[in-house]
Amino acid sequence: LKEVLPAIGGNLVCLKIVRGGISIDEDIIKHCPNLQYLEISAVGNGVTGGDISWAMKKLTKLKLNGRSIRLGTEWGGD
């Protein structure tokens, strides 16, 4: 996935990532500006919903580690 995001990321509106190895800052935010739905599993505790939604203006639904995050709020993980 990391190799194809620069080529197809701008066209994606929905992305579900089950495994790690993807950088949220460098891969998803940089290459997928049109995402409306993002679901990521196996996210570390350093990620917040506020960080992601601030950088991705078109995002309407965010799910981290199985929990739906209300956009505009912080998420510290479990």
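Modeller: Let us begin with a term for the surface: a residue is buried under 20% relative accessible area, exposed over 50%, and partly exposed in between, using a 1.4 Å probe and protein chains only. The model is a predicted one, in which local features need pLDDT of at least 70 and side-chain atom pairs count only at pLDDT 80 or more, while totals for chains, interfaces and linings use all residues. Residues are numbered from 1 along each chain as its sequence is written, and side-chain values use heavy atoms, with hydrogens and water left out.

Colleague: With that term in hand, is Asn65 buried, partly exposed or exposed?

Modeller: Asn65 is partly exposed, because its relative accessibility is 33%. For the protein as a whole, 33% of the 78 residues are buried. The accessible surface, from the Shrake-Rupley method with a 1.4 Å probe and, for residues, only the protein chains shown as cover, amounts to about 4800 Å², and carbon and sulfur atoms account for 51% of that surface.

Colleague: How many helices and strands does the protein have?

Modeller: Helices (H or I, at least four residues) and strands (E, at least two) are DSSP runs, numbered from the N terminus. Here there are three helices and four strands, and along the sequence they give the pattern α-β-α-β-α-β-β.

Colleague: In what order do the four strands lie in the sheet?

Modeller: As a general idea, strands of a sheet pair through backbone hydrogen bonds, either parallel or antiparallel. Two strands count as paired if DSSP finds at least two bridges between them. In this protein the order is E1-E2-E3-E4, in an open sheet with mixed pairing. The edge strands are E1 (14–17) and E4, each of which pairs on one side only. With axes as lines fitted to C-alpha atoms and angles from 0 to 180 degrees between N-to-C directions, neighbouring strands are turned by 15° against each other on average, direction ignored.

Colleague: What is the phi of Asn65?

Modeller: Most residues other than glycine have a negative phi. Asn65 has a positive phi of about 50° although it is not a glycine. Asn65 sits in the loop between E3 and E4, a hairpin with two residues between the strands. Glu39, placed in strand E2, is 26 residues away from Asn65 in sequence, yet their C-alpha atoms are 7.9 Å apart. Glu39 counts as buried because its relative accessibility is 12%.

Colleague: What is Glu39 in contact with, beyond its neighbours within four places in sequence?

Modeller: Contact means heavy atoms within 4.5 Å. By that rule Glu39 touches Leu15, Lys16, Ile17 and Lys63. Over the whole protein, 35% of the contacts between residues at least 6 apart in sequence join residues at least 24 apart.

Colleague: Which residues of H2 are buried?

Modeller: In H2, these are Ile24, Asp27, Ile28 and Ile29. They lie on the same side of H2 because they cover an arc of only 160° around the axis, taken from the directions from the helix axis to the C-beta atoms. The other side of H2 has the exposed residues Asp25, Glu26 and Lys30. Asp27 is buried at 7% relative accessibility; setting aside neighbours within four places in sequence, Asp27 is in contact with Lys2, Leu5, Ile22 and Cys32.

Colleague: How many residues has the largest nonpolar core?

Modeller: In soluble globular proteins, nonpolar side chains tend to be buried together. A nonpolar core is a set of buried Ala, Val, Leu, Ile, Met, Phe, Trp, Tyr and Cys residues joined through side-chain atoms within 4.5 Å. The largest one here has 16 residues, and those with the most contacts inside it are Ile28, Leu35, Leu38, Ile52 and Met56. E1, helix H2 (24–31), E2 and E3 each supply at least two residues of this core, and the largest share, three residues, comes from H2. Beyond its neighbours within four places in sequence, Leu35 has contacts that include Leu12, Val13, Ile28, Met56 and Leu59.
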